[in-house]
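Try each one yourself before you read the solution.

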Amino acid sequence: MKDKICWVRQEDVPKVWIHKGKEYSHRLINKKDQNCGFSFHITTYEPHFDTIVEGDGIHEVVLYCLHGSSKQIDLSDNREHNFSIGDAIYLPLHYRYRHIIGDCGLVVAVCCNPSRREGEI
């Protein structure tokens, strides 16, 4: 399967809890299953979740908002952005921001380079 076109559905991969009861992800494309150099996930946040998100020094990440909204506050300089449907954000290797999920929750498409490995959050 690793050298052919692959189709994957969210229902076909395990739900990975990032923060139990608040944030989970479905890892659709990754190094292990498709031998892909990046990974692609759909991550869902429950409404009103408020958390600090930090880069791990390994992965560049892109988030694209599919549903809902959040407020993001860059803790390096206190810039604020209201993140909503159609917005994308690039996260370098090192970053730190406050992520406040809105009333409707949030669903994002996530691309990580290099691919996240099994067990990595």
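**Exercise 1.** In which strand is the place of Ser70?

*Solution.* First, the ground rules: this is a predicted model, where local features need pLDDT of at least 70, side-chain atom pairs count only at pLDDT 80 or more, and totals for chains, interfaces and linings use all residues. Numbering starts from 1 along each chain as its sequence is written, and side-chain values use heavy atoms, leaving out hydrogens and water. Now look up the strands (DSSP runs of E, at least two residues, numbered from the N terminus). Ser70 sits in strand β5, residues 60-74.

**Exercise 2.** Work out whether Ser70 is buried or exposed.

*Solution.* Take the cut-offs: buried is under 20% relative accessible area and exposed is over 50%, with partly exposed in between (1.4 Å probe, protein chains only). Ser70 comes out at 4% relative accessibility, so it's buried. Across the chain, buried residues account for 38% of the 121 residues.

**Exercise 3.** Find what Ser70 touches.

*Solution.* Start with contacts (heavy atoms within 4.5 Å). Skip the neighbours within four places in sequence, and the contacts of Ser70 include His81, Phe83, His99 and Leu106. Then check for polar contacts: N or O atoms within 3.5 Å, one able to donate a hydrogen and the other to accept it. The side chains of Ser70 and His99 make one at 2.9 Å.

How values were computed:
Helix = DSSP H or I, 4+ residues; strand = E, 2+ residues; numbered from the N terminus.
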